[in-house]
Amino acid sequence: MRRIGFLVMLLLGQAAHAADVPRDAVGGVAWAVVAASRLNAREEPSTDAAVAFKIPRGTPVAVVEELGQPANIDGAEDSWTFVAVEQCADDDCTRLRAGWVADSWLAYQERFEPLEEWRDGAISGNDGERDFSYRIGADGSFEYATPPCDGEGCELFAPFDGCREEEFREGDECVGRGDLYRYRSLVWARGYGYLFVDGAGNLCSVHSERDGAPRMCDR
């Protein structure tokens, strides 16, 4: 099960009413991405509990505790998971907002399955570091191209001629290849840390960084 040992001990006896967690307690936990359009985060693991806040699709969450017990949530068999989001719960931001959510709407990497069909031929955007362009085949395979890193913070790219280790140089571009995977409405370019969040017909990239925790790119 995904949980923080000392934090679970801290929450015992009060988890049913927990609404935030210490910020420094979520550094080494598993992360997932919300797959629902707006996921209810409740104060207690019950559909009768008040909704503390809603989490938009594509938001990364730290998985603090999993009950792992079957529960009927909004008419479907599911289970409750306690998650934290990178939103400050106090003025000093020493604590993060947290709540109980339906586990099936959390997209862990292992829940993604190969995508065998894709209708859009190309996607362009920015991952927070560089502009990129994805060329996607009808079978769900992809190739992306992006300019080499040539600004500040490019030390890690230097041994590979301005490209990432998994990329290769092709003319004036860095190119990478792979296959797409899907869980519910989320599409993941596996191996390159990007998710494409399918919402209202628009696609936005998400880039994985520390401990596999993704962050939203600028929309």
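**Exercise 1.** What percentage of the 219 residues in the chain do buried residues make up?

*Solution.* Keep in mind that you're looking at a predicted model. Start with the cut-off: a residue is buried when its relative accessible area is under 20%. Buried residues make up 47% of the chain's 219 residues.

**Exercise 2.** Work out how the chain is built and how it's held in contact with itself.

*Solution.* Begin with the elements: you'll find one helix and 20 strands. Next, take the contacts between residues at least 6 apart in sequence; 54% of them join residues at least 24 apart.

**Exercise 3.** Describe the second largest pocket.

*Solution.* First, its volume is about 170 Å³. Next, go to the lining, which has 14 residues; Leu39, Ile73, Asp74, Ala102 and Trp105 lie nearest the pocket's centre. Strand E3 (38–42), strand E7 (76–78) and strand E9 (95–102) are the elements that each give two or more residues to this lining. Finally, sort the lining residues by type: eight are nonpolar, two polar and four charged.

**Exercise 4.** Which stretches of the model deserve a look at their pLDDT?

*Solution.* Start with the whole chain: the average pLDDT is 76, and 74% of the residues score at least 70. Now check residues 1–17, where pLDDT stays under 50 and the model has 38 contacts beyond four places in sequence. Then check residues 198–219: here pLDDT is below 50 too, and the stretch has 62 contacts in the model beyond near neighbours in sequence.

Technical notes
Residues numbered from 1 in each chain as written. Predicted model: local features only at pLDDT ≥ 70, side-chain atom pairs only at ≥ 80, totals over all residues. Heavy atoms only, no water. Helix = DSSP H or I, 4+ residues; strand = E, 2+ residues; numbered from the N terminus. Buried < 20%, exposed > 50% of the residue type's maximum accessible area, 1.4 Å probe, protein only. Contact = heavy atoms within 4.5 Å. 1 Å grid on protein atoms, 1.4 Å probe; cavity = no way out; pocket = protein on both sides within 12 Å on 5 of 7 lines; lining within 4 Å. Points joined across faces, edges and corners; volume = space filled by probe spheres on them. Nonpolar A, V, L, I, M, F, W, Y, C, P; charged D, E, K, R; others polar. pLDDT = per-residue confidence, 0-100.
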